[in-house]
Amino acid sequence: MTSNQILDLRKKVLEKEFSRMNNMQKEAVFHVDGPLLILAGAGSGKTTVLVNRIANIIRYGNAYASSQISPEFGELDLSAVNNFLAQGTPLPEETVARLAVNPCRPWQILAITFTNKAAGELKNRLVAMLGEPGNDIWASTFHSTCARLLRRDADRLGYSAHFTIYDTDDSRRLMKDCQKALGIDDKVLSYKAILSAISHAKDSMVLPDEFERQAGTDNRLAMIAKAYRLYQSRLKDADAMDFDDLICNCVLLLKNHPDVLDYYQNRFRYVMVDEYQDTNHAQYLLVNLLAQKSQNLCVVGDDDQSIYKFRGATIENILSFEKNFPKAKVIRLEQNYRSTKNILNAANAVIANNVSRKGKTLWTDNKTGDKIGVHTSFSEQDEAEQISKKILEEVANGRKFHDFAILYRMNSQSNTLERMFVKSGIPYRVIGGLRFYERKEIKDMIAYLSVINNPNDEIRLRRIINQPKRSIGDKTIAQASEIAEQVGESLYDVICHADEYEPLKRTAQKLLQFASTMKELVEAAEDETVRLSELYQMILDKTNYIEALRAAEGDEAQDRIENINELASNLIQYQEDNGEEASLSGFLEEVSLMTDIDNYDEDSDSVVMMTMHSAKGLEFPVVFLPGFEEGIFPGIQAIYNPTEIEEERRLAYVAITRAKEELYILNAESRMIFGSTVRNKPSRFIQEIPEELVETSRSRSWKKPQPGTVLPTSSRDARVASTEAARNFGPAEIARGSVPAVRFKPGDSVYHKTFGNGMVVSATPMGNDTLLEIAFDTIGTKKLMANFARLQKC
DNA sequence: TGAGCATAGTTTTTT
DNA sequence: ACTATGCTCA
């Protein structure tokens, strides 16, 4: 064979190996060396490209573009190659190795995403494609990547290896302390304003010194600079970093320690970043530092989906990639595999109204699909009812509950929907809002674990010192804290020796008692034979936390106790997943970098509700978008600001492109917001969708508008109105009676998918349906409609 | 020290 | 409407 023939054959193999990709996708997969910018539209298969590109790099290296031929190429098993080309018989590994040019080991690849969910999905797909070696690829979020690098070399920055990660609540508490120490009145300069200024500073790598210099004579900024400085020094004393510090400190580590930088630059031959449009300056620096030597940086993004500008993301990073890397190859993925033509065209039409964008038009081979349902209801309750009706109707026609998603602009919109769903017996889950790890009792338990792990963590120590109540008040804590500062010891140490300090005499007994409890727990934590779950149980036993909770809250305690047990099972899960590796600081890190959306599992059959922001990266067969009204979406604060309108429009684009098959957009003529009823005009985004893609309907006909803001007050009125509405909403008839009518009587034992086992207390016939009152074993008594509740007799 | 009442502030938030 | 926070008073 001539070398040209060899190269040709090799290309054929690669083309065949990745033949499921379209041409543009293949181009991205085969561009291995050198900077690469992939502009990937919504639903264009960017994760698939990322996965296949990594697989290509690991298996074949740069074989596609290279003219190098490995010396063993001559021993190539030609019949295996031909079988593969002709019938797709898998290639033996050694044949792959002979075809490869400079392939890469899995652990030399770093793939960074924004969410744990995205990282998890990437990892799963890599393992599915590459088998066990896929696990060695570093696929993680910015924050956990940084945490990992920092754990290894934290001492270089003056932190210990088991530093604590502060969440926003911890930061808030700490800043309040700083305000107090500096005599800053929150009304003059709020902790929120300070924290947000600091966060932005860190995003752009502005440290306290620099901040102070930039502040100049501006009083306000000078004050913030002081607070910033104090805040950082307290964080360091507590051996803690906030979220922004993880990135910021990591950049500092690499910048100021050439040997560390060198190590990672050699280690990571290929760096990939997903959702690049959402990176901030610090993240940009991090990525650039890591990839500077190899120049093998591949970023994937979509300027039209940049929706986190308010958090410091700078679209500049994507717009100027070509400037930073003049040799960068740019690939556009414009074929959408997710949505119907109608949905995609609607999204294209809306986003076309934005001026500042790179500009691209998605297209699809998918079928045209149904028109987009735009429904005007008369109130937010009605809106919720329309959605419930539609869902039940489609479920009766064979859809599953988990096919539906409701995406809204603000979390508070979920309340009305939730109430309606409970009433209709529709199983649902709300993602976001008050998160699991933000609940008081969970934060308390985490705080106990944190203090055991790192007694210097003053913020969390103060959180638990009187939780449960130990009669240790703010005064005492302030006093102890002052002493700690004076003698240069940590608060924890002062409390351990409370009897030695005159001012603490009166409460010394209580403090010492608390200290001895903590000491026992610390000892247990250090004891290798005590497992994490046992430690957790010890905390509960020794603090009497649950008993105190019951005493204080009575009935409400049940939920909280369940949460505490839920955390215990998380802990056990972590223990099982990590075996010998499991450690307290490991668990704490995982917890502090985890969010609700990570726990969202698609398997459970329920409707999912979340904000449009959280929905980025997800897709659903049927999507409802309630609240498309001027003042809600776009939000009131965006209406007079063209830049913000563009950001809102990008959010609309994200929301619309989540839908695969059906899309329903709703607006209400009037709605209750912040306590008062307002009448909003339909959102401009509705008008931006071409008429021919839309089928409109409304709950109240134009002909007989009710005067003023009189809304149906009795449930009977609402029912009459909404039956009429249901007729107008979408082409299909409501499937009444298609739900098998099972008879229930008081005393029956029943099972409900969401609520578990229970017993029927009462059954009241109501129209065609029966109102059941059911006492559930776990959550108490609920009222459900028999036809909608999907109950099983048992 | 803790309970009870007044008041303010309510967009989104991958970590 | 709702909730979380802060302030006052016992």
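The model is predicted, so local features need pLDDT of at least 70, side-chain atom pairs count only at pLDDT 80 or more, and totals for chains, interfaces and linings use all residues. Side-chain values use heavy atoms, with hydrogens and water left out.

**DNA strand C**

- Arg172, Lys176, Met672, Phe674 and Gly675 surround DNA strand C, where a residue is near if one of its heavy atoms lies within 4 Å of the strand.
- Of the atoms of DNA strand C that come within 4 Å of the protein, 42% belong to sugar and phosphate.
- These nearby residues comprise two nonpolar, one polar and two charged; Ala, Val, Leu, Ile, Met, Phe, Trp, Tyr, Cys and Pro count as nonpolar, Asp, Glu, Lys and Arg as charged, and the others, Gly among them, as polar.
- Arg172 has a polar side-chain atom 3.2 Å from a phosphate oxygen of DNA strand C.
- For Lys176, a polar side-chain atom lies 3.3 Å from a phosphate oxygen of DNA strand C.

**Cavities**

- There are four cavities of 30 Å³ or more, a cavity being a set of points on a 1 Å grid over the protein atoms alone where a 1.4 Å probe fits but cannot get out.
- The largest cavity holds about 70 Å³ of space, a volume being the space filled by probe spheres set on the points.
- Its lining has 13 residues, and Phe163, Thr164, Ile165, Leu588 and Glu589 are the closest to its centre; lining residues have an atom within 4 Å of a point.
- Helix 28 gives the largest share of this lining, four residues.
- By class, the lining of the largest cavity has four nonpolar, six polar and three charged residues.

Notes
Residues numbered from 1 in each chain as written. Chains lettered and ligands numbered in written order. Polar contact = N/O pair within 3.5 Å; in protein donor to acceptor, adjacent residues only side chain to side chain. 1 Å grid on protein atoms, 1.4 Å probe; cavity = no way out; pocket = protein on both sides within 12 Å on 5 of 7 lines; lining within 4 Å. Helix = DSSP H or I, 4+ residues; strand = E, 2+ residues; numbered from the N terminus.
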